[in-house]
Amino acid sequence: MLVQNQDLIQKTLTAEKQVSSGNNDTVLYQLPDGWFTILTLLQGSCRIEGQDSHGQRSIALVPGDICRIAPNNLIRLSPTAPSYRPFEVACIRLPADVLRSEMDTRPDTAAQDLSTLHTLRFFDPHIASMAPILLDAQDADTDDHYATSAAHYLAAYLLHPQRATPSRSGCLSPQQLRAVTAYMHEHLASVITLDDLAKEAVLSRYHFIRLFAATTGKTPLQYLTELRIDTARQHLAVGTEPISQVGRRCGFPSPENFARVFRKHVGCSPSQYRRRAAPGRLRAEAGPSLSPSGSGSAVRP
């Protein structure tokens with residue numbers, strides 16, 4: 001499905017919902033020059049592929065994240081493997097001229113041009129919560145005054161200098177913690193180093209380790225190992241792929257390492273756990289459990 005939206009002329013702000021049909025159905029967004037787009041996930045899960053300041057990337061989008069698309073960029077959305085379930089996204093578009101006008105009147109803005117606002121993932125629950133409101137307003141056929149006001153509000157909000165949410169003394173900010181844990185989820189099958197995680201938090205390795213432990217009560221190694229074990233439990237309970245493949249998918253370097261670490265955390269082998277777990281009864285968990293910390297090659301110093 002290609003969303004080009006060439007019929008946006010003379011409109012101030014538009015909002016619409018796009019629904020994938022699942023089965024690896026993809027949605028492509030390509031807007032003409034003069035329009036800035038904000039995407040946010042409404043239901044399900046999906047991956048975003050495109051180019052931003054970090055290069056060509058494919059990353060997961062979860063509720064609370066938004067994707068900010070500068071004019072003339074192509075973005076591809078696809079269902080998350082292996083289930084390929086349908087997903088819904090809200091697409092909000094506002095004229096680039098509104099943003100440029102706001103730049104001219106706000107000398108303190110952090111953005112110098114629209115390309116500096118372009119990013120595939122940015123945690124912004126405020127804009128994410130606005131998306132359903134704007135969809136309802138468009139369905140109610142509100143007048144253009146509402147759309148104009150909403151467009152100028154969004155422009156002012158996007159261009160305001162970004163300030164991190166104040167964190168507790170000696171802890172990671174919510175944005176830093178979310179960036180680090182999202183990186184863990186996205187690269188679970190790969191080797192993840194402490195330097196990788198510290199880079200996501202924009203900290204030195206020493207300060208990252210100290211602040212992460214103060215925030216979560218666990219070292220990065222403990223947290224990541226527990227995340228890998230919890231993900232493996234879900235795959236074992238509801239999937240049919242070989243146990244060795246589950247281990248590789250979750251980032252364990254060998255079947256022996258997977259079996260050893262799994263038994264230490266869960267109390268039985270992966271094969272025993274699969275036999276005991278009734279399909280559909282294992283509750284999907286959003287993050288690591290509070291199981292005891294264990295050893296494994298989850299993070300390399």
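Q: How is a salt bridge defined here, and how many does the count come to?

A: A salt bridge is a side-chain nitrogen of Lys or Arg within 4 Å of a carboxyl oxygen of Asp or Glu. Side chains of opposite charge can pair when their charged atoms come close. In this predicted model, where residues are numbered from 1 along each chain as its sequence is written, local features need pLDDT of at least 70 and side-chain atom pairs count only at pLDDT 80 or more, while totals for chains, interfaces and linings use all residues. Side-chain values use heavy atoms, with hydrogens and water left out. By the salt-bridge rule the count comes to 9, and one of them joins Arg 100 to Asp 97, with the closest N and O atoms 3.2 Å apart.

Q: How many residues separate Arg 100 and Asp 97 within helix α1?

A: An α-helix has 3.6 residues a turn, so residues three or four places apart point the same way. Helices (H or I, at least four residues) and strands (E, at least two) are DSSP runs, numbered from the N terminus. Arg 100 and Asp 97 lie 3 residues apart in helix α1 (residues 96-105), and they are therefore separated by about one helical turn. For accessibility, buried means under 20% relative accessible area, exposed over 50%, and partly exposed in between (1.4 Å probe, protein chains only). On that scale Arg 100, at 36%, is partly exposed, whereas Asp 97, at 56%, is exposed.

Q: Is strand β7 largely enclosed or left open by the rest of the structure?

A: Strand β7 (residues 65-69) is largely enclosed by the rest of the structure, because 5 of its 5 residues are buried. Both of its faces are covered, with Asp 65, Cys 67 and Ile 69 buried on one side and Ile 66 and Arg 68 buried on the other. Two strands pair if DSSP finds at least two bridges between them, and strand β4 (residues 35-43) pairs with β7 in the antiparallel sense over 4 bridges. Within this pairing, Leu 39 stands opposite Cys 67.

Q: Which residues touch the most other members of the largest nonpolar core?

A: In soluble globular proteins, nonpolar side chains tend to be buried together. A nonpolar core is a set of buried Ala, Val, Leu, Ile, Met, Phe, Trp, Tyr and Cys residues joined through side-chain atoms within 4.5 Å. The largest one has 28 residues, of which Leu 13, Phe 36, Ile 38, Ile 92, Leu 94, Leu 99 and Leu 154 touch the most other members. At least two residues of this core come from each of β4, β9, α1, α2 (125-139) and α3 (144-159), and α3 gives the most, with 7 residues.

Q: Where is Ile 38 found, and with which residues is Ile 38 in contact?

A: Ile 38 is found in strand β4 and is buried, with a relative accessible area of 1%. Contact means heavy atoms within 4.5 Å. Leaving aside neighbours within four places in sequence, Ile 38 is in contact with Ile 66, Cys 67, Ala 90, Cys 91, Ile 92, Leu 94, Ile 127 and Leu 158. Ile 38 and Ala 90 are 52 residues apart in sequence, yet their C-alpha atoms are 8.0 Å apart in space.

Q: What covers the buried residues of helix α2, and how far does α2 reach?

A: The expected span of a helix is 1.5 Å times one less than its number of residues. Helix α2 has 15 residues and reaches 22 Å from its first C-alpha to its last, close to the 21 Å expected. Its buried residues are Ile 127, Ala 128, Met 130, Ala 131, Leu 134, Leu 135 and Ala 137, and what covers them includes β2, β4, β7, β9 and α3. Just after α2, Asp 141 takes a positive phi of about 60 degrees.
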